[in-house]
Amino acid sequence: MQHNGAQIVQGQPKATDVHISITSGEYAVRDALSDLLEALRPLMLDVEEKGTIELVLAEAMNNIVEHAYPPGDQPGPISLTCTPEADGLRFLIKDTGRPMPNGVTPIGLPVDLNVDFNDLPEGGFGWFLIKDLAKDVVYHRVDEANQLTFRLSLAS
Amino acid sequence: MELKSQQNGTMQIVSVHSARIDAAVAIEFKDAMRQATDSGSPIVILDLSEVDFIDSSGLGAIVASMKHMGRDRSLVLAGLTPTVDKVFRLTRMDSVFGVFPTLQNALDAHAA
């Protein structure tokens, strides 16, 4: 199914894997998020859960757009797989862009707000939000590709 | 990215008429805010009640807008929807801005 540049392959309407593929770009990330939430509708998620999913996935994919395929490089593929499990949703995000510096994800510490007005942070929130909201965040570089996996627990 | 601005005494109300402030529009938002707040009102209330989603780029753009206004003016946030509120709370950025549940709350709090 072709929809706003994102491809969705779905099996049964209930809890099956969701696959979404895009070509890196900020608007393509928007499309992927909207397609993901649409595909997860059968799970009847509440506004809190949807917000968490959208936020973590936005941060993870925006990082890829910004750093794995930085301006100047060719845009490339980003693929997203979401697997519903008993205790939540497991995600795998793959891209073939530049590796994570030093082969690891940033630690994702909270930003320091105890600073002068002019030094208040305008960035550096992304990995903090991912690590704060997701569990079992694991990054691997495999065969020239980046693979990020994590789990989001659901209340129900 | 559509911003609407109205003056209410010494306060300026800037309303965001977009569902998202995300990486795709963060720079556009920052530019629009810069223009909207150049009039110099000491207090600017940013009405976010129509915004469903903000990511870290959008959050950074709001911080940048506040810094551009300068430390002698204040940027106040009103009408945060659940996911927007969550981003401000988790990053503790709600401690940097005045945050009010509704526009009316923000106006009442700043009424002379």
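Reader: Which residues have the most contacts inside the largest nonpolar core?

Author: They are Leu57(A) and Ile62(B), in a core of 74 residues. This is a predicted model, where local features need pLDDT of at least 70, side-chain atom pairs count only at pLDDT 80 or more, and totals for chains, interfaces and linings use all residues. Residues are numbered from 1 along each chain as its sequence is written, chains are lettered from A and ligands numbered from 1 in the order in which they are written, and side-chain values use heavy atoms, with hydrogens and water left out.

Reader: What makes a set of residues a nonpolar core?

Author: The set holds buried Ala, Val, Leu, Ile, Met, Phe, Trp, Tyr and Cys residues joined through side-chain atoms within 4.5 Å. A second, separate core has eight residues, among them Ile43(B), Ile45(B), Val76(B) and Ala78(B). In soluble globular proteins, nonpolar side chains tend to be buried together.

Reader: What is Leu57(A) in contact with, leaving aside neighbours within four places in sequence?

Author: Contact means heavy atoms within 4.5 Å. Leu57(A) is in contact with Leu33(A), Leu36(A), Leu80(A), Phe91(A), Ile93(A), Phe150(A) and Leu152(A).

Reader: Why is Thr81(A) called buried?

Author: Buried means under 20% relative accessible area, exposed over 50%, partly exposed in between (1.4 Å probe, protein chains only). Thr81(A) has 15% relative accessibility, so it counts as buried. This residue lies in strand β4 (residues 77–85) of chain A. Helices (H or I, at least four residues) and strands (E, at least two) are DSSP runs, numbered from the N terminus.

Reader: Why is Asp143(A) called exposed?

Author: Its relative accessibility is 72%, so Asp143(A) counts as exposed. Asp143(A) sits in the loop between β6 (135–142) and β7 (145–153) of chain A.

Reader: What joins the side chains of Thr81(A) and His19(A)?

Author: A polar contact of 3.2 Å joins them. The rule asks for a pair of N or O atoms within 3.5 Å; within protein, one must be able to donate a hydrogen and the other to accept it, and residues adjacent in sequence count only if both atoms are side-chain atoms.

Reader: How many helices and strands does chain A have?

Author: Three helices and seven strands. Along the sequence they follow the pattern β-β-β-α-α-β-β-α-β-β. Of the 156 residues in chain A, 46% are buried.

Reader: What makes the pair Glu48(A) and Lys86(B) a salt bridge?

Author: A salt bridge is a side-chain nitrogen of Lys or Arg within 4 Å of a carboxyl oxygen of Asp or Glu. Here the closest N and O atoms are 3.0 Å apart, and Glu48(A) forms a salt bridge with Lys86(B). The count between chain B and chain A is five salt bridges.

Reader: How many residues does each chain bring to the contact?

Author: Chain B brings 28 residues and chain A brings 29 residues. The area buried between the chains is about 2,500 Å², of which carbon and sulfur atoms give 61%. Buried area is the accessible area (1.4 Å probe) that two parts lose on being put together, summed over both. Lys67(B), Arg71(B) and Lys86(B) supply 24% of the area that chain B buries against chain A, more than any other three residues.
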